[in-house]
Amino acid sequence: MSTQTTNNKQQTTNGPLVGIIMGSESDLDIMTGAAEMLRQFEVEPELTIVSAHRTPERLREYAQQAKNRGIKVIICGAGGAAHLPGMVAANTILPVIGVPVKSSNSIDGWDSMLSILQMPYGVPVATVALNGAKNAGILAAQILALHDTSIAGKLEAFKEYQDDIVMESVKNVSRLGFRNEFDR
Ligand code: RP5
(Lines give C-alpha, C1' and ligand atoms only; values in the text may rest on other atoms or scores of the structure.)
Protein backbone atom coordinates (compact mmCIF):
# COMPACT_ATOMS: atom_id res chain seq x y z
CA MET A 1 0.00 0.00 0.00
CA SER A 2 1.48 3.35 -1.03
CA THR A 3 2.01 6.22 1.38
CA GLN A 4 -0.44 8.27 -0.68
CA THR A 5 -3.19 5.67 -0.25
CA THR A 6 -2.47 5.49 3.45
CA ASN A 7 -2.58 9.29 3.78
CA ASN A 8 -5.73 9.56 1.68
CA LYS A 9 -7.44 6.90 3.78
CA GLN A 10 -6.39 8.69 6.94
CA GLN A 11 -7.83 11.92 5.59
CA THR A 12 -11.07 10.21 4.57
CA THR A 13 -11.39 8.89 8.10
CA ASN A 14 -10.55 12.23 9.66
CA GLY A 15 -12.30 14.35 7.04
CA PRO A 16 -10.73 16.56 4.37
CA LEU A 17 -8.42 19.42 5.38
CA VAL A 18 -9.10 21.54 2.30
CA GLY A 19 -12.47 22.37 0.77
CA ILE A 20 -12.55 23.39 -2.89
CA ILE A 21 -15.83 24.95 -3.96
CA MET A 22 -16.90 26.75 -7.12
CA GLY A 23 -19.93 28.65 -8.33
CA SER A 24 -20.73 26.40 -11.28
CA GLU A 25 -19.77 23.16 -12.96
CA SER A 26 -18.48 25.40 -15.75
CA ASP A 27 -15.63 26.43 -13.38
CA LEU A 28 -14.50 22.81 -12.99
CA ASP A 29 -11.88 22.72 -15.75
CA ILE A 30 -9.97 25.53 -14.03
CA MET A 31 -10.65 24.50 -10.45
CA THR A 32 -9.45 20.90 -10.82
CA GLY A 33 -5.99 22.52 -10.98
CA ALA A 34 -6.22 23.21 -7.24
CA ALA A 35 -7.11 19.57 -6.50
CA GLU A 36 -4.31 18.27 -8.74
CA MET A 37 -1.71 20.40 -6.95
CA LEU A 38 -2.92 19.33 -3.51
CA ARG A 39 -2.75 15.69 -4.56
CA GLN A 40 0.91 16.24 -5.52
CA PHE A 41 1.48 17.01 -1.84
CA GLU A 42 -0.65 14.02 -0.84
CA VAL A 43 -3.50 16.16 0.45
CA GLU A 44 -6.87 14.84 -0.72
CA PRO A 45 -9.33 17.77 -0.78
CA GLU A 46 -13.09 17.68 -1.02
CA LEU A 47 -14.60 19.42 -4.06
CA THR A 48 -18.15 20.51 -4.80
CA ILE A 49 -20.38 23.22 -6.28
CA VAL A 50 -21.71 26.02 -4.06
CA SER A 51 -23.24 29.04 -5.76
CA ALA A 52 -23.44 32.38 -3.93
CA HIS A 53 -26.36 33.52 -6.06
CA ARG A 54 -28.22 30.31 -6.89
CA THR A 55 -27.77 28.43 -3.57
CA PRO A 56 -27.27 31.11 -0.90
CA GLU A 57 -28.43 28.82 1.94
CA ARG A 58 -25.99 26.09 0.86
CA LEU A 59 -23.21 28.69 0.87
CA ARG A 60 -24.01 29.79 4.41
CA GLU A 61 -24.20 26.20 5.67
CA TYR A 62 -20.97 25.19 3.92
CA ALA A 63 -19.02 28.14 5.31
CA GLN A 64 -20.44 27.86 8.82
CA GLN A 65 -19.93 24.08 9.11
CA ALA A 66 -16.48 23.88 7.51
CA LYS A 67 -14.41 24.56 10.64
CA ASN A 68 -16.30 21.98 12.74
CA ARG A 69 -15.88 19.44 9.93
CA GLY A 70 -12.11 19.79 10.30
CA ILE A 71 -11.47 21.86 7.20
CA LYS A 72 -8.50 24.23 7.58
CA VAL A 73 -8.56 26.16 4.31
CA ILE A 74 -11.34 26.87 1.80
CA ILE A 75 -10.52 27.52 -1.85
CA CYS A 76 -13.35 29.26 -3.72
CA GLY A 77 -13.48 29.78 -7.48
CA ALA A 78 -16.03 31.90 -9.30
CA GLY A 79 -16.37 34.08 -12.36
CA GLY A 80 -18.18 37.24 -13.45
CA ALA A 81 -19.91 38.83 -10.46
CA ALA A 82 -17.87 36.49 -8.29
CA HIS A 83 -19.31 36.81 -4.78
CA LEU A 84 -18.62 33.26 -3.59
CA PRO A 85 -15.19 33.78 -1.94
CA GLY A 86 -16.21 36.99 -0.19
CA MET A 87 -19.47 35.58 1.14
CA VAL A 88 -17.74 32.42 2.36
CA ALA A 89 -15.15 34.61 4.13
CA ALA A 90 -18.01 36.57 5.69
CA ASN A 91 -19.31 33.34 7.27
CA THR A 92 -16.13 31.68 8.60
CA ILE A 93 -12.86 32.48 10.36
CA LEU A 94 -11.01 29.91 8.21
CA PRO A 95 -8.56 31.29 5.64
CA VAL A 96 -10.29 31.69 2.27
CA ILE A 97 -8.36 31.62 -1.00
CA GLY A 98 -10.22 33.15 -3.93
CA VAL A 99 -9.70 32.06 -7.53
CA PRO A 100 -11.08 34.51 -10.11
CA VAL A 101 -12.28 32.45 -13.07
CA LYS A 102 -12.54 33.87 -16.57
CA SER A 103 -15.99 32.40 -17.14
CA SER A 104 -18.66 32.37 -19.82
CA ASN A 105 -20.27 35.46 -18.26
CA SER A 106 -16.98 37.35 -17.68
CA ILE A 107 -16.50 40.50 -19.71
CA ASP A 108 -12.71 40.19 -19.79
CA GLY A 109 -11.76 38.60 -16.45
CA TRP A 110 -11.33 41.90 -14.62
CA ASP A 111 -14.90 41.58 -13.34
CA SER A 112 -14.03 38.27 -11.63
CA MET A 113 -10.68 39.65 -10.40
CA LEU A 114 -12.03 42.78 -8.82
CA SER A 115 -15.13 41.11 -7.33
CA ILE A 116 -12.83 38.80 -5.37
CA LEU A 117 -9.87 41.12 -4.74
CA GLN A 118 -11.52 44.30 -3.50
CA MET A 119 -12.80 43.02 -0.17
CA PRO A 120 -13.65 45.51 2.55
CA TYR A 121 -11.59 45.81 5.75
CA GLY A 122 -12.24 42.95 8.18
CA VAL A 123 -13.09 40.24 5.64
CA PRO A 124 -9.91 39.22 3.80
CA VAL A 125 -9.79 36.86 0.81
CA ALA A 126 -6.33 35.76 -0.37
CA THR A 127 -6.78 36.25 -4.10
CA VAL A 128 -4.64 34.44 -6.66
CA ALA A 129 -4.23 35.26 -10.35
CA LEU A 130 -6.99 34.94 -12.95
CA ASN A 131 -7.57 31.17 -13.42
CA GLY A 132 -4.78 30.65 -10.83
CA ALA A 133 -6.29 27.55 -9.22
CA LYS A 134 -2.95 25.70 -9.18
CA ASN A 135 -1.39 28.44 -7.08
CA ALA A 136 -4.43 28.30 -4.79
CA GLY A 137 -3.68 24.60 -4.24
CA ILE A 138 -0.03 25.32 -3.48
CA LEU A 139 -0.95 28.14 -1.09
CA ALA A 140 -3.40 25.88 0.75
CA ALA A 141 -0.65 23.25 1.10
CA GLN A 142 1.71 25.92 2.44
CA ILE A 143 -0.83 26.86 5.10
CA LEU A 144 -1.23 23.20 6.12
CA ALA A 145 2.56 22.78 6.11
CA LEU A 146 2.85 25.19 9.05
CA HIS A 147 1.73 22.26 11.23
CA ASP A 148 2.62 19.27 9.05
CA THR A 149 6.26 18.38 8.42
CA SER A 150 5.36 15.79 5.78
CA ILE A 151 3.62 18.38 3.59
CA ALA A 152 6.45 20.85 4.30
CA GLY A 153 8.99 18.32 3.01
CA LYS A 154 7.00 17.83 -0.20
CA LEU A 155 6.82 21.61 -0.70
CA GLU A 156 10.63 21.84 -0.30
CA ALA A 157 11.03 19.14 -2.94
CA PHE A 158 8.62 21.00 -5.24
CA LYS A 159 10.73 24.19 -4.89
CA GLU A 160 13.87 22.25 -5.77
CA TYR A 161 12.13 20.69 -8.78
CA GLN A 162 11.18 24.16 -10.06
CA ASP A 163 14.80 25.26 -9.64
CA ASP A 164 15.97 22.23 -11.66
CA ILE A 165 13.52 23.04 -14.48
CA VAL A 166 14.75 26.64 -14.77
CA MET A 167 18.40 25.59 -14.66
CA GLU A 168 17.69 23.17 -17.50
CA SER A 169 16.33 26.14 -19.48
CA VAL A 170 19.46 28.15 -18.62
CA LYS A 171 21.52 25.37 -20.23
CA ASN A 172 19.24 25.25 -23.30
CA VAL A 173 19.44 29.03 -23.81
CA SER A 174 23.22 29.08 -23.31
CA ARG A 175 23.51 26.70 -26.28
CA LEU A 176 21.90 29.38 -28.51
CA GLY A 177 25.04 31.55 -28.28
CA PHE A 178 23.79 34.49 -26.18
CA ARG A 179 26.31 36.21 -23.89
CA ASN A 180 25.82 35.35 -20.16
CA GLU A 181 28.57 36.62 -17.85
CA PHE A 182 26.54 35.71 -14.75
CA ASP A 183 26.89 31.93 -15.12
CA ARG A 184 30.48 31.92 -16.37
C1 RP5 B 1 -20.49 32.24 -11.61
O2 RP5 B 1 -21.02 32.47 -12.86
C3 RP5 B 1 -19.87 30.88 -11.69
O4 RP5 B 1 -18.83 30.78 -10.76
C5 RP5 B 1 -19.38 30.79 -13.09
O6 RP5 B 1 -18.01 31.20 -13.19
C7 RP5 B 1 -20.23 31.81 -13.83
C8 RP5 B 1 -21.07 31.22 -14.92
O9 RP5 B 1 -21.86 30.19 -14.40
P10 RP5 B 1 -22.75 29.30 -15.38
O11 RP5 B 1 -23.77 30.20 -15.98
O12 RP5 B 1 -21.79 28.72 -16.41
O13 RP5 B 1 -23.36 28.23 -14.51
O14 RP5 B 1 -21.44 32.31 -10.60
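How do the residues of the shell around the ligand divide into nonpolar, polar and charged? In this predicted model, the shell consists of three nonpolar residues, nine polar ones and one that is charged. The ligand is surrounded by 13 residues in total, and the closest are G23, S24, S26, G79 and S103.

The surroundings of the ligand may now be placed within the overall fold. The protein contains seven helices and five strands. The C-alpha atoms occupy a box of roughly 60 × 45 × 30 Å along the principal axes. When contacts between residues at least 6 apart in sequence are considered, 69% of them join residues at least 24 apart.

The interior comes next. The protein has 184 residues, of which 36% count as buried. Its largest nonpolar core comprises 45 residues, and within that core I75 and L84 touch the most other members. Two or more residues of this core come from each of the strands β1 (18-22), β3 (73-79) and β4 (96-101). The helices that contribute two or more residues are α2 (28-40), α3 (56-66), α4 (84-90), α5 (110-117) and α6 (133-145).

With its neighbours within four places in sequence set aside, L84 is in contact with I21, G23, V50, A52, L59, C76 and A78. One of these partners, G23, is also among the residues closest to the ligand.

Terms used
Residues are numbered from 1 along each chain as its sequence is written. This is a predicted model: local features need pLDDT of at least 70, side-chain atom pairs count only at pLDDT 80 or more; totals for chains, interfaces and linings use all residues. Helices (H or I, at least four residues) and strands (E, at least two) are DSSP runs, numbered from the N terminus. A residue is buried if 20 or more other C-beta atoms lie within 10 Å of its own, exposed if 12 or fewer, and partly exposed in between; C-beta atoms are placed from the backbone. Two residues are in contact if their C-beta atoms, placed from the backbone, lie within 7 Å. A nonpolar core is a set of buried Ala, Val, Leu, Ile, Met, Phe, Trp, Tyr and Cys residues joined through C-beta atoms within 7 Å. A residue is near a molecule or strand if its C-beta atom, placed from the backbone, lies within 6 Å of it. Ala, Val, Leu, Ile, Met, Phe, Trp, Tyr, Cys and Pro count as nonpolar, Asp, Glu, Lys and Arg as charged, and the others, Gly among them, as polar.
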